[in-house]
Amino acid sequence: MKKLLTALILTSAAAQVTAAEQIKFVTEATYPPFEMMDENNEFQGFDIDIARAVCTELKAECSFANQSFDSLIPSLKFRRYDAAIAAMDVTPARQKQVDFSDVYYENSAVLVAEKGKYNVVSDLSGKAVGVQNGTSHQAYMTDTYADEKVLLLNFPSYQKAFLDLKNGRINGVFADSAVAHDWLTKHSGGNYETVGKAVTDAKYFGAGFAIAVRKDNAELLAKLNKGLQTIKANGTYDKIYAKYFAK
Amino acid sequence: MTLDHFWLLFNGLSTTLEITFFSLLFGSILAVGLTLAMVNKIPGLNLLARTIILIFTGTPLLIQIFLVYSGPSQFEVIRHSFLWDYLSQAKICAIIALAFNTAAYSSLLFKGAIESVPRGEWDACKALGMTRGQTLAIIVPHALRRVLPSYSNEVILVLKGTSLASSITIMDVMGYANQINGQTYDALMAFSAAGIIYLGMNGILVLIFKQLEKKALAFQS
């Protein structure tokens with residue numbers, strides 16, 4: 001009996017040592033092409049592929065979970081998840097809350113509206129524009145177009161915002177360029193277009209997308225950066241990039 | 001979260017009160033209709049009223065709001081009809097859902113109150129040879145006085161229920177609280193401040209109804 005017990009303890013201890021490190025990722029999977037659920041309810045998208053590639057490099061086991069965008073940073077702080085990869089811009093307000101890895105995607109934001117109606121964003125004065133709650137797009141629109149009387153509506157996800165754009169409830173949607181172009185080519189039916197130039201204001205959108213981790217987790221941050229560097233160096237990143245964005 | 005944010009929450013208060021008021025207005029009118037259909041056992045309408053009540057008391061308010069908001073837009077016919085001018089407005093969708101919800105609950109309250117009027121009053125009316133309509137004209141005011149305390153509860157439930165309207169992009173108190181939380185990540189302060197505003201509003205409602213009850217129920221003391 002004693003032997004059995006010792007053996008049990010030993011094996012369980014050994015199992016703990018050899019078990020691969022687990023990284024719990026959290027995302028908001030209504031944001032194609034960056035993150036979405038496929039028909040089999042599996043996480044897919046550019047961000048997810050990047051995270052999986054990084055995990056392969058780190059020999060870590062990765063899991064993904066889905067949450068609303070405005071609760072991603074709180075759930076990192078409450079230690080529910082280890083890292084958030086959700087097309088998240090590095091902004092000063094967020095850097096107060098969490099730490100960010102190196103940037104893995106340089107983004108821009110653009111307004112989508114009905115074809116042939118508006119030339120510049122300020123033409124939408126008095127019209128309703130949809131943004132996702134808690135995003136840098138929301139902050140940018142709130143600060144930049146407050147005087148132009150653009151009516152901002154907050155949506156829990158961009159899918160709902162685009163749906164309401166089609167239904168005529170709102171006149172425009174302000175989103176990441178890649179997301180906007182994905183929707184324009186796949187779902188717009190040719191009746192919508194981008195308005196004005198794509199915005200790349202570093203004050204709001206930072207340098208691009210990065211992975212967020214808890215402030216006191218420098219160890220994981222270093223690992224993720226190492227993983228990102230490796231996949232950029234060995235060509236994996238370019239392969240994933242080519243899969244989602246035609247150059 | 002700063003003081004500016006707190007004042008931002010008050011921007012949403014007018015929307016919250018507007019939705020509450022119109023939901024209660026249309027809800028109470030509808031509730032009277034439902035109650036009359038049930039009390040008078042009007043064939044067909046009685047069954048319809050009971051079905052409406054079953055559906056709206058048996059499903060969550062959040063689902064009702066989502067269905068009214070997103071349901072009609074699935075039909076091309078509705079999107080191109082005059083109805084869409086109204087249904088495309090999130091505020092009207094919220095009011096429709098809340099009005100039906102509160103009507104379902106209030107009509108049950110009204111029905112119970114009418115039935116709780118002492119049997120003797122009904123018999124007295126009958127003995128005087130009154131018609132059904134004349135009888136109700138006597139009974140209903142008595143029942144309304146009895147229903148006041150429980151109806152004040154329903155009013156408070158509707159005011160709190162409006163917070164769910166923020167899920168369909170309405171910028172009420174809850175909508176602004178969500179936005180502040182999204183921008184500052186200060187969930188504790190944003191939602192506490194919103195909670196205090198709701199608490200204050202409900203406190204005022206309770207005081208108003210206390211005064212009303214004193215007057216309406218004076219015959220009891």
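**Close-up views of the predicted model**

**View 1. Domains of chain A.** The domain assignment, automatic or from a database, divides chain A into domain 1 (21-106 + 207-244) and domain 2 (109-204). Taken over C-alpha atoms, the centres of domain 1 and domain 2 of chain A are 25 Å apart. Twelve residues of domain 1 of chain A and 15 residues of domain 2 of chain A make up the contact, where two residues count as in contact if their C-beta atoms, placed from the backbone, lie within 7 Å. On the side of domain 1 of chain A that touches domain 2 of chain A, seven residues are nonpolar, three polar and two charged. Ala, Val, Leu, Ile, Met, Phe, Trp, Tyr, Cys and Pro count as nonpolar, Asp, Glu, Lys and Arg as charged, and the others, Gly among them, as polar.

This is a predicted model, in which local features need pLDDT of at least 70, side-chain atom pairs count only at pLDDT 80 or more, and totals for chains, interfaces and linings use all residues. Residues are numbered from 1 along each chain as its sequence is written, while chains are lettered from A and ligands numbered from 1 in the order in which they are written.

**View 2. Open sheet of chain A.** Three strands of chain A form an open antiparallel sheet in the order E2-E3-E4; strands (E, at least two residues) and helices (H or I, at least four) are DSSP runs numbered from the N terminus, and two strands pair if DSSP finds at least two bridges between them. Strands E2 (30-31) and E4 (43-44) of chain A are at the edges with a single partner strand each, so one side of each has no neighbour in the sheet. Strand E3 (residues 35-37) of chain A is joined to antiparallel E4(A) by two bridges. Met36(A) has Gln44(A) in E4(A) as its bridge partner.

**View 3. Contact between chains A and B.** Chain B gives twelve residues to the contact and chain A gives 14 residues. Helix H9 (residues 173-184) of chain B supplies six residues, the largest share of the side of chain B that touches chain A. That side of chain B has two nonpolar, nine polar and one charged residues.
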